[in-house]
Amino acid sequence: MKKIYIAIVFLIICAGVCIFEQVTINKVYNEATAIINTAIDFNEEKDFESAKNQCKKLRDTWSKSYPYLSAMIDHAQLDSASAAIKSTNDISKENKDELSEKLIEAKNEIQILKENQSITLGNIF
C-alpha cells in the first residue's frame, strides 16, 4: 500500500511540474510578444528611443525568466531565442528597419519555443 501512495505522490509532483512549465512558458510568451508588439509600433511611429526602451524591457524580462526556462527546456532551443532577443541591443538609430526585423525574428523564435513545448499528443509521443 505504501508503494501506491508513493506512486500517487510522484504523479502529483510530475503533474505539478508540468503545469508550472506550461504556465511559465505561456507567461513569458505573452509578456514577450506584448513588449515586442509595442516596440514594433513605436518603431513604425519613428519613436526609436521608446522602441529601444521596450527592447531593454524585453531583454530584462527574458533574463529574469531564463533560469526557469533553462531548467525545463532544451538549451539549444533557448539559445536561438536568446540570440534573437539580445541582437536587438546592437542596432543604430539610423537603421530602424533592422530593429523591426530583429524584433520579428525574436517574436518568431519565442513562438516556435512555445509551440515546441506545448502539450500535444505529438510532443508527448
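Reader: How much of the protein chain counts as buried?
Author: Of its 125 residues, 33% count as buried. Keep in mind that this is a predicted model.

Reader: OK. How many helices and strands are there?
Author: The protein chain has 5 helices and 0 strands. Along the sequence, the pattern reads α-α-α-α-α.

Reader: What does the protein chain span along its principal axes?
Author: The C-alpha trace spans about 70 × 25 × 20 Å.

Reader: And what radius of gyration does the protein chain have?
Author: The value is 18 Å. A compact globule of 125 residues would come out near 14 Å.

Reader: Switching to charges. How many salt bridges does the count come to?
Author: The count is 2 salt bridges. One pairs E31 with K27. The other joins K56 and D60.

Reader: Take E31 and K27. How far apart are the closest N and O atoms?
Author: They are 3.9 Å apart. The cut-off is 4 Å, so the pair counts as a salt bridge.

Reader: Where do E31 and K27 lie?
Author: Both are in helix 1, which covers residues 2-44. They sit 4 residues apart, about one turn of the helix.

Reader: Now K56 and D60. What is the N to O distance there?
Author: For K56 and D60 it is 3.3 Å.

Reader: Which helix holds K56 and D60?
Author: Helix 2, residues 48-72, holds both.

Reader: Is K56 buried or partly exposed?
Author: K56 is partly exposed, at 45% relative accessibility. D60 is also partly exposed, with a relative accessible area of 41%.

Reader: New topic. How many disulfides does a search of the whole structure find?
Author: The search finds 0 disulfides. Take C14: its nearest cysteine sulfur belongs to C18 and is 6.7 Å away. A disulfide needs the sulfur atoms within 2.5 Å, so C14 is in none.

Reader: Is C14 buried or partly exposed?
Author: C14 is partly exposed, with a relative accessible area of 31%.

Reader: What about C55, buried or exposed?
Author: C55 is buried. Its relative accessible area is 1%, and the limit for buried is under 20%.

Reader: Let's look at the surface. Which residues form a nonpolar patch?
Author: M1, I4, Y5, I8 and I12 form one. Together they have about 570 Å² of accessible area.

Reader: Where is M1 found?
Author: M1 is in the segment before helix 1.

Reader: Why does M1 count as exposed?
Author: Because M1 has 68% relative accessibility, and exposed means over 50%.

Reader: Last one, S87. Where does S87 lie?
Author: S87 is in the loop between helix 3 (75-86) and helix 4 (96-117).

Reader: Is S87 buried or exposed?
Author: S87 is buried, with a relative accessible area of 18%. The cut-off is under 20%, so S87 falls on the buried side.

Reader: What lies 2.7 Å from a polar atom of the S87 side chain?
Author: That is the backbone oxygen of A84.

How values were computed:
Residues are numbered from 1 along each chain as its sequence is written. This is a predicted model: local features need pLDDT of at least 70, side-chain atom pairs count only at pLDDT 80 or more; totals for chains, interfaces and linings use all residues. Side-chain values use heavy atoms; hydrogens and water are left out. A salt bridge is a side-chain nitrogen of Lys or Arg within 4 Å of a carboxyl oxygen of Asp or Glu. Helices (H or I, at least four residues) and strands (E, at least two) are DSSP runs, numbered from the N terminus. Buried means under 20% relative accessible area, exposed over 50%, partly exposed in between (1.4 Å probe, protein chains only). Patches are made of residues with over 30% relative accessible area and no salt bridge: like charges are joined within 9 Å, nonpolar side chains (Val, Leu, Ile, Met, Phe, Trp, Tyr) within 5 Å. Accessible areas come from the Shrake-Rupley method with a 1.4 Å probe; for residues, only the protein chains shown count as cover. A polar contact is a pair of N or O atoms within 3.5 Å; within protein, one must be able to donate a hydrogen and the other to accept it, and residues adjacent in sequence count only if both atoms are side-chain atoms. The radius of gyration is taken over C-alpha atoms; the globule rule is 2.2 Å times the number of residues to the power 0.38.
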